[in-house]
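Work through the exercises below with the model open. Try each task before reading its solution.

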Amino acid sequence: MFTTRVCKLLNIKYPIIQGGMAWVATHELAVAVSEAGGLGIIAAGGLPPEVVRKEIRNFKKKSNKPFGVNIMLMSPYAEDIVGIICEERVPVVTTGAGNPGKYISKFKEHNIKVIPVVPTVSLAKRLERIGVDAIIAEGTEAGGHIGELTTMALIPQIVDAVDIPFIAAGGIGDGRGFLAALSLGAEGVQMGTRFVCSTESIAHINYKERIIKSKDRDAVVIGRSTGRPVRALKNEFTREYLELEKEATDFEELEKLAAGRLRLAVNDGDTSTGSVMAGQIAGLIEDIRPCKEIIQDMINAAKAQLNYITSLKGGE
Ligand code: TUI
């Protein structure tokens, strides 16, 4: 059940992909997700290329399952990381925070599956034309760097616009969200925030606990004025940033304020002055569990939800 073109394309059991969260998505998390039947992803984020190579090799030492590397296209190292991914024969690449168009032919030459994250229909169509294998359509409910459209509005418009399989992301954290995404036409889901709160995620315990403590309106957006909006949980840092933003401060000053804040929260556990990037679904998450349980429970809950829907009868 729930076997889609995404499962066949990626050679995975469940069409569940782990988000490429900078600093959080190390090989440890990727191994856990891949071993549980999903697709684990190592986030290159802003890491130097040789560190990414080590992460890839560490994954391969611990698992023979398919996995991917996410390239954050704003990284100054993006080009070199593309080279390493090709050398190391990584099976799948996801990209974020930009248009990966110029790298597609190189990945194709190396037989690497490319799945870019896109926030709009127009970019999805353009990338389909140049030969990407699938698309991750990400709604604004997601954590980190975001687009404008909601998942609910974006997904059906993507289905109507492209023929390649695509994966829904943004606001998905359990079996109900998974089933809803499939109902709208997606052939898989990508989850970030849910996997941050896994046993295997190396995020500091304070980061995980901040997500568990969060309520529905805690995931706020900073940086709208810069053209690079980012969703993170409300704290001293987001308040200071939003105050500065109100004063119509220039881009550079805002960038300076945000520099290093994600690492501070993820690695040092400073959830007051660090950036606790997370999606709107954070309010739903109540526990830290092994990736295997997260995935199994999602599949079981999706089946239960589908049975419930089929059981609904009209008022005859
Ligand atoms: O990339 C993400 N989420 C991220 S990246 C990131 S790293 C960061 N660290 C500190 C400050 C700011 C960022 C944190 N979260 N998600 C995928 C995503 N990609 N969302 C939106 C996009 C996107 C946006 C524009 C993809 C393509 C795009 O194309 C524009 C163009 O050039 O056509």
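Contact here means heavy atoms within 4.5 Å. Helices (H or I, at least four residues) are DSSP runs, numbered from the N terminus. This is a predicted model: local features need pLDDT of at least 70, side-chain atom pairs count only at pLDDT 80 or more, and totals for chains, interfaces and linings use all residues. Residues are numbered from 1 along each chain as its sequence is written, and side-chain values use heavy atoms, with hydrogens and water left out.

**Exercise 1. Find the residues that join H6 to H7, then describe the crossing.**

Step 1. From H6, take Val121, Ala124, Lys125 and Glu128; they meet Leu154, Gln157, Ile158 and Ala161 of H7.

Step 2. Sort them by class. The contact has five nonpolar, one polar and two charged residues. Ala, Val, Leu, Ile, Met, Phe, Trp, Tyr, Cys and Pro count as nonpolar, Asp, Glu, Lys and Arg as charged, and the others, Gly among them, as polar.

Step 3. Compare the axes, which are lines fitted to C-alpha atoms over the stretch in contact, with angles from 0 to 180 degrees between N-to-C directions. The axes of H6 (residues 121–129) and H7 (residues 151–161) come within 10 Å and cross at roughly 30°. H6 is therefore roughly parallel to H7 (angles under 35 degrees).

**Exercise 2. At what angle do H11 and H12 pack?**

Step 1. H11 (residues 236–246) and H12 (residues 251–258) pack at about 175°, with axes 11 Å apart. So H11 runs roughly antiparallel to H12 (over 145 degrees).

Step 2. List the partners. Phe237, Glu240, Tyr241, Leu244 and Glu245 in H11 meet Glu253, Leu254, Leu257 and Ala258 in H12.

Step 3. Classify them: six nonpolar, no polar and three charged.

**Exercise 3. Which residues of H8 and H14 meet?**

Step 1. H8 (residues 175–183) packs on H14 (residues 291–311) at about 65°, axes 7 Å apart.

Step 2. H8 supplies Gly175, Arg176, Phe178 and Leu179. Their partners in H14 include Met298, Ile299, Ala302 and Leu306.

Step 3. By class, the contact has eight nonpolar, two polar and one charged.

**Exercise 4. How many residues surround the ligand?**

Step 1. Count those with a heavy atom within 4 Å of the ligand. There are 14; Ala97, Gly98, Val117, Glu138 and His145 are the closest.

Step 2. Check ligand nitrogen atoms. A backbone N or O atom of His145 lies 2.9 Å from one. For Glu138, a polar side-chain atom lies 3.1 Å from a ligand nitrogen.

Methods. Helix = DSSP H or I, 4+ residues; strand = E, 2+ residues; numbered from the N terminus. Parallel < 35°, antiparallel > 145°, perpendicular 65-115°, else oblique. Near = heavy atom within 4 Å. Polar contact = N/O pair within 3.5 Å; in protein donor to acceptor, adjacent residues only side chain to side chain.
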